[in-house]
Amino acid sequence: MVRVLFVCLGNICRSPTAEGVFRALVSREGLQDRITTDSCGTSDWHIGDPPDTRARAEARRRGIPLDDLKARQIQPSDFTDFDYVLGMDHQNIERLSAQCPPAHLDKVRLFLDYAPDSPVREVPDPYYGGEDGFSNVFDMIEAAANGLLADIRKHHLDA
Ligand code: 4NP
């Protein structure tokens, strides 16, 4: 089993969207028995909250349900339990790297590393912006989700 964890600051906008998009892709490809997904935040600000209403609305428009997700905070066992620990921006990466045991640091990567054609390296925080921020974020996440699945196939699933 390959385990993927998406991480942002609050775990209510970017990382639950990434989790929803990626798990839908995994299930579309029939790989739900080979790949598991989860998401969390580096902060404790929204523990137990559902994804932001605007993130849920954008995802629903695109046929991706996020309504079952609940925010949680990163915990030490995540660095051993997951194979990929993917931060949405550099601040997430800095916080994760500071907490991650050195032996697992290679798991901590920027999610957009899997979208090499993207002109930016970070998924921008849409929390304080307007609705179009969520649409923009969704497009970036979809591109990286496809690249991530290709990487998992290459390194873990292909014979
Ligand atoms: P996220 O967005 O990290 O993509 O979930 C945010 C959510 C909440 C806050 C900041 C960013 N906040 O300040 O509460």
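## Fold and dimensions

From the N terminus, the elements of the chain follow the order β-α-β-α-α-β-α-β-α. The secondary structure amounts to 5 helices and 4 strands, where helices (H or I, at least four residues) and strands (E, at least two) are DSSP runs numbered from the N terminus. The radius of gyration is 14 Å, close to the 15 Å given by the globule rule for 159 residues, so the chain is as compact as a globular protein of that length. This radius is taken over C-alpha atoms, and the globule rule is 2.2 Å times the number of residues to the power 0.38. The C-alpha trace spans about 40 × 35 × 30 Å along its principal axes.

## Basis of the model

The model is predicted: local features need pLDDT of at least 70, side-chain atom pairs count only at pLDDT 80 or more, and totals for chains, interfaces and linings use all residues. Residues are numbered from 1 along each chain as its sequence is written, and side-chain values use heavy atoms, with hydrogens and water left out.

## Packing and contacts

Of the 159 residues in the chain, 48% are buried (under 20% relative accessible area, 1.4 Å probe, protein chains only). Among contacts (heavy atoms within 4.5 Å) with a separation of 6 or more, 73% join residues 24 or more positions apart.

## A backbone exception at N11

N11 lies in the loop between β1 (2-8) and α1 (14-28). Most residues other than glycine have a negative phi. N11, although not a glycine, has a positive phi of about 60 degrees. With 2% relative accessibility, N11 counts as buried.

Key: Buried means under 20% relative accessible area, exposed over 50%, partly exposed in between (1.4 Å probe, protein chains only).
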